[in-house]
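Me: I have a structure open and a few things to ask about it. Can we go through them one at a time?

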Protein chains: 2
Amino acid sequence: MKIVRSSEFRRRKGYVMATEDALEARTPVGRATDRLRGVLFGRRLRTEDEAEERVSRITGLAIFASDNISSSAYATEETMRTVALAGAAGLALTMPITIAILIVLAIVVTSYLQVIRAYPHGGGGYIVAKENLGTLAGLVSAAALLVDYFLTVSVSVAGGLLAITTAFPEVDQIRVELGVGFIALIAIANLRGIREAGVVFAGPTYLYAGAVLGVLVVGFYRILIGDTPAPVAPPRVLEGTEALGAFLILRAFASGSVGLTGTEAVADGITAFKKPEARNGGIVLISMAALFATLFFGISFLATHLGIQVDATETKSVLGLLAQTVVGDGPYFYFLQAATAIILILAANTSFSGFPRLASILASHRFLPRQFAQRGDRLAFSFGIIALAVIAMLLLIAFKASVSGLIPLYTIGVFIAFTLSQAGLVRRWMRLRERGWRIRILVNGLGATVTGVVAIVVAVTKFALGAWMVLAILPVIVALMWRVHQHYRRVEDELTISRTERASLGQRRARIIVPISRVDRSALEALSLATGLVGDVSAVHISFDDEGASAFKERWASLGTGVPLEVIVSPYRAITRPFLKYLDAIDDGDPGRPVVVVLAEFVPHHWWETLLHNQTAFRLKLDLFSRRNTAVIDVPHHLDDVEEFQ
Amino acid sequence: MKIVRSSEFRRRKGYVMATEDALEARTPVGRATDRLRGVLFGRRLRTEDEAEERVSRITGLAIFASDNISSSAYATEETMRTVALAGAAGLALTMPITIAILIVLAIVVTSYLQVIRAYPHGGGGYIVAKENLGTLAGLVSAAALLVDYFLTVSVSVAGGLLAITTAFPEVDQIRVELGVGFIALIAIANLRGIREAGVVFAGPTYLYAGAVLGVLVVGFYRILIGDTPAPVAPPRVLEGTEALGAFLILRAFASGSVGLTGTEAVADGITAFKKPEARNGGIVLISMAALFATLFFGISFLATHLGIQVDATETKSVLGLLAQTVVGDGPYFYFLQAATAIILILAANTSFSGFPRLASILASHRFLPRQFAQRGDRLAFSFGIIALAVIAMLLLIAFKASVSGLIPLYTIGVFIAFTLSQAGLVRRWMRLRERGWRIRILVNGLGATVTGVVAIVVAVTKFALGAWMVLAILPVIVALMWRVHQHYRRVEDELTISRTERASLGQRRARIIVPISRVDRSALEALSLATGLVGDVSAVHISFDDEGASAFKERWASLGTGVPLEVIVSPYRAITRPFLKYLDAIDDGDPGRPVVVVLAEFVPHHWWETLLHNQTAFRLKLDLFSRRNTAVIDVPHHLDDVEEFQ
């Protein structure tokens, strides 16, 4: 083609570069839409700017930690609420269980540090399981993580809403709508790119951590100076009714393990970090774990040391009671409550970083539709962000934004993923036999066992409450991913030509058929194009009766095109079916010979004008699309832009 | 093309005849749908069998008279209900008004007989007005008739429902649903063709006429033999409250004139009759008028002679009271009531014969979408039948099937059409000056004046009750028909080539552009086809970055197709817009040169598989469709029918 010189394209050595002008919409509506997109999502970003869109450690901690850190708001309470069923003897186990959970956290974090180092291109638990335990284990891990990401969004938004409605009962009416709105806002922020999302969401994360740390510091200080405060009592103390047994302890451990959720996010989303990704991600993961451990340990210690009781009415949280005890009922208390509500909602944001990245890796492995692997205008994985938002909204609507309805579904997925990735590492160490492999096997084996036990305990204790849904959906998701993979592989097998193969463009002389309903300008244009093709051209006219047939033949002869005409009389006034059967019939004589159908089409000015024309060409096109060895040529005729009412 | 030999086509002299086999559906779903259609609507009919589908005089009378004849059930009552407002002195005017209406009927019928003779190809009032008063008058007449046809269906079904719910109040709950169901049944019967509809609907019409005639005969006989029965009194007698004035008499006349509705149907639908259409239609029109006149006159005479009173509660009809008076409260009375309910509903059927035929004539004159002019599988004007059914259903739903809500809209349309066709005839006689033209002008002039007065009286007296809606919608319909006409004319002007013109198929060498996203089998097929065209072929690849661009260029060179390649780097990852802008940019060098875009498309096996592929080709096609001088070639690649899970 001729050299292109315009503001839209720049010639470079050997190729043409499309500038931003080449993206401009052609219609006023298109331009308005583009402007709206610009306002909502920001300017388009170039592929090569991807590195600049990555996040620093400070922002990365805020983004990836919000889920994990936010669980410090309820991990202690979840543990105490279970052991409190066994009375004071039970409550005394809070600290031992907290320490046990922190040990498991240490193991999980250690193993994820190893995952990050071994698989710096992301994929986390999915990749570890796939590489070391096989594709099926990888898919199970991926499915569990995907489900958990959906649930994290719904659960944390529902949790934040609960915190809000506790303070302002009047908004309970529009709880679901509010939740959907929050998810939409978080999705929009993420569609602007992870860097901008980080800027928006970093503040609240650090605010919450700082607020809780403040309570802890004041609490420890008051204990040290001997000013130990008397615990504020909840509206109604949860009384012990059960015996203290192994199962109760296990349940308490499993309940408190909710604090481990979110640990996997960094490893899944490692590609979001600036280079070197593995190093930056590792530092973030350790910082996150240290921060969470400090908060969790501090809250558990102070709560048990000061004798905070669990509220049977579930309106006052342990963290709230602890804050009231330590800093009193003043502004600081309300500040902490507000920060808690915000962090609970923003925990959803971690999923918006993790899910699209995991989905993009699955898509690049062809287990999910390829759209998940494409970066949008802002280099974010837009398709994944939108899919996550939509599914989480539907979950929120289906469960009417009820925390107690959603929570039993939560955590099981992430513990399945934990278990599989620890087990995967064990296999890895057995295979590689690097330095210290025996210790590593021991640590990860212990980790796999403990997280596996938690997974089973969660599954058993919450099965009837809703965990069954997750267990039932996992095989379905795995099967779907498998089916998607089979499809892509089949397409690949059929379409791929070897990388060195040379093309042979020789072809059989095509039959070129021009259906003509009427001799007019549009038909002549189609005919013109057809006679310019290499092949045997013929025209086909469908008439409803003999008189029409002979009249058309006469007119055709007088036209003098030289193109042979076949007239089909269709006494039942059908057009598409006899035409298709006619193609089949002439095919019988020379099977497999390519057929090219040239269709004259009419493009009206206004959409309503299409109602005034039979859509025969359109219907033919649809039918021909599914016919083998058949190409269709559209020759649209545009009505000239004359004024309609002269 | 080669000679075709198969069960689907038969070679005739000079053309190919498609047999019914050529219509067979290709898919199981298609075949099942066809079977269902067969059961509902009957076998397909051939165009040449159209003459056999026409109706005889006996069937034609039943079909076209049901509307007019059914109005005998309430014409007397409508008159009496108005004059009764002036007490006994008013009621005494019933017979004079009846006779005046019958005189107008005679004039209208005479004029329609002349219309049928002058315009034997149908179109009735529309054609008369258009030919003699100009297109605008014709469109006004047509619009008025179209509206009246819609309303006839809704009003008569609502009237029949009222008769049913009077007897069985419990079905009032599902009144609207029942009405919609009745309309659907009548529409289905008519889609089977007018002949079959006639067979279904002839019985009830003759049954009703016979039942009323029985009452009249017994009544006259009892009077003759001196056994004059005492009138059965209504639940509450309507008392006179108004003075007897000219306006009241006019209103009574206008109310009773409802009995003239349906007179126009034969002239509009004349093409439904067996040949000679004019003669058969004329006989049917006269028979209909005679039958209606007999019933109307007989009911009015007996009702006044026996002193039947009007029921103020509107639960007992004058016809019902007359029947109870004459034949008593026995089985015959109930038989008459049932026949009345059925004929009221079946009055709708007249519209189903008249509307589609009028619409087909308007469509052939290009004032309505051309679909109205096409005959369906059963040679019925299916599009018109369905349109009428849908609009009448919507009317019925909008007015909740209330007779009193719908009736004020009714009759004004038909009287506008009457007036215009009488006026048209006056103009015709003035122009032609045939034998007796002065008398004819006098008669039709009188007719135009009287029907015009009725139209005005109806418009004035019922304006606020709803007639304003009809008066408001008429100009809208006329404007729409005009706009449709303008569009078709513009298309015609632009597309038509003179009947003697010879085709010049010479063309400019096209640019042939093959967008290629990846070198695979599907792309090579598209390229193969492109190189078989006459023109300058080039391939275009869109890459998201420089590395991709140079890798593709290398692969292309190794392919050895000889087709020049242009690589566009689109750093913002857009595809369709840069491609379209690129076409524009190369167009600038040589404006207006035809462009042919060859698209490799992928046809998956299952619909869900399309979700796994970007619909780039599809979106490009949509955009290219609106581009001038651009033809698109679809080269679909079909996945081989291999088993999916080996």
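Me: How many salt bridges does the rule find across the interface of chain A and chain B?
Reply: Across that interface the rule finds 4 salt bridges. A salt bridge here is a side-chain nitrogen of Lys or Arg within 4 Å of a carboxyl oxygen of Asp or Glu. This is a predicted model, where local features need pLDDT of at least 70, side-chain atom pairs count only at pLDDT 80 or more, and totals for chains, interfaces and linings use all residues. Residues are numbered from 1 along each chain as its sequence is written, chains are lettered from A and ligands numbered from 1 in the order in which they are written, and side-chain values use heavy atoms, with hydrogens and water left out.

Me: Which residue forms a salt bridge with A:Glu492?
Reply: B:Arg518 does, and the closest N and O atoms are 3.2 Å apart.

Me: How many salt bridges are there over all chains?
Reply: The structure holds 28. One pair is A:Arg627 with A:Asp587, with the closest N and O atoms 3.7 Å apart. A:Arg627 lies in the loop between α23 (616–625) and β7 (630–638) of chain A and A:Asp587 in helix α22 (residues 576–589), so the pair ties together parts 40 residues apart in sequence. Helices (H or I, at least four residues) and strands (E, at least two) are DSSP runs, numbered from the N terminus.

Me: Back to the interface. How many residues does the contact take from each chain?
Reply: Chain A gives 135 residues and chain B gives 135, with contact meaning heavy atoms within 4.5 Å.
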